Amino acid sequence: MCSIRLSGISWHSRRKTSCCTFSLGMLDNFCGTNGGSITEQPTQNVCHWDPTAILSEPYLAAGQGHGCLVLNRNIKSPSHVVKALWQNASVRCCVDGGTNKWLNFIRNELQNDCSIKLPDLITGDFDSISQETEDYFSSRGVKRIHTPDQNNTDFTKAVDVLKPIIREKKLRDIIVLHDTSGRFDQIMSNINTLFTRNDEFCNIYLLGSCSLTWLLRPGKHSIVIPPHLVEEQRWCSLLPIGHEATSVTTKGLKWNLKNSPSYFGGLVSTSNTYASTHIEIETNSTLVWSMGVFYFGDD
């Protein structure tokens, strides 16, 4: 029996060995959880991640599907990437004011492309969506789900709505279109949703204007880095948000850690970069992994 606990959620397995394999987070045999068509890898107890599938063709998480969710921030990722991820998603959701942002994106960045698929859902407490936007999508038959609970953010509640849908579709990945500029409290709230809503059935990835962010649970991880990001020496970071990681070891980074503690008020690995296209990380506590994925001059 293996057991992993994070934020009050436990995963258990009665298998003698376990392996988890991710291609942008598609979870395979994570402590005994079946991960769809991804096959078990020979390396035991290592979580394998490959974000390449959403940064280039086919723009399809795990090669077999994902959910796409739009938050109430301007969409600044490259338009062709956003369009492909949206079109390839198995379920598409706009969150309250994010619906305004999506309609603006269609009109301004995609030139009212009539091939763009409609959202499957619009969720939220609806204090931000404009009447024009609401009328636009309701006239096209888009389902509207009111989530009035004020103890959770609209983002968190949207994930709760999507979870049973993606589980029914045998998916685990939700790609969230957001941005890290603007209000700091909202940025941290989005990170909090990663911690409270990631579980063995749902992996959440924050895709911003120049970054891709997800959680690394306690254990060993292997991350494939696209060669151009290594060549361009793009940034990456490991963030011990909310708690101390008393032992972190890395291989393949320019500045590696070896059994190092990581905590705010002490060592935090930011503005790191790559020495290899293959990164290994071992941690005894959950870390936030964030990496630069698109080129912007202010990095």
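Tutor: The side chain of Asp154 reaches the backbone nitrogen of Asp125 at 3.3 Å. That is a polar contact, meaning a pair of N or O atoms within 3.5 Å; within protein, one must be able to donate a hydrogen and the other to accept it, and residues adjacent in sequence count only if both atoms are side-chain atoms. Before going on, note that this is a predicted model, where local features need pLDDT of at least 70, side-chain atom pairs count only at pLDDT 80 or more, and totals for chains, interfaces and linings use all residues. Residues are numbered from 1 along each chain as its sequence is written, and side-chain values use heavy atoms, with hydrogens and water left out.

Student: Is Asp154 buried or exposed?

Tutor: Buried means under 20% relative accessible area, exposed over 50%, and partly exposed in between (1.4 Å probe, protein chains only). Asp154 has 16% relative accessibility, so it counts as buried. Take Lys101 in helix H3 as another case: its 24% relative accessibility makes it partly exposed.

Student: What lines the second largest pocket?

Tutor: General idea: rolling a probe the size of a water molecule over the atoms shows where empty space is left. On a 1 Å grid over the protein atoms alone, a cavity is a set of points where a 1.4 Å probe fits but cannot get out, while a pocket is an open set with protein on both sides within 12 Å along at least five of seven lines; lining residues have an atom within 4 Å of a point. Here the lining has 24 residues, and Thr153, Asp154, Phe155, Gln186 and Asn190 lie nearest the centre. H5 and helix H6 (184–197) are the elements that give two or more residues, with H6 supplying the largest share, five. The volume is about 470 Å³, taken as the space filled by probe spheres set on the grid points, which are joined across faces, edges and corners.

Student: And how many cavities of 30 Å³ or more are there?

Tutor: One. The largest cavity has a volume of about 40 Å³, and its lining is Trp49, Asn198, Asn203, Ile204, Trp214, Leu215 and Arg217.

Student: Last one: why is strand E6 largely enclosed by the rest of the structure?

Tutor: Because five of its five residues, 91–95, are buried. Val91, Cys93 and Val95 cover one side, Arg92 and Cys94 the other, and all are buried.

Student: Which strands pair with E6?

Tutor: Two strands pair if DSSP finds at least two bridges between them. Strand E5 (residues 67–70) runs parallel to E6 with four bridges, and strand E7 (residues 121–124) is parallel to E6 with three.

Student: How does the chain get from E6 to E7?

Tutor: Through helix H3 (residues 98–108), in a right-handed β-α-β unit. Right-handed means that, with the strands pointing away from the viewer, the path from the first strand over the helix to the second runs clockwise.
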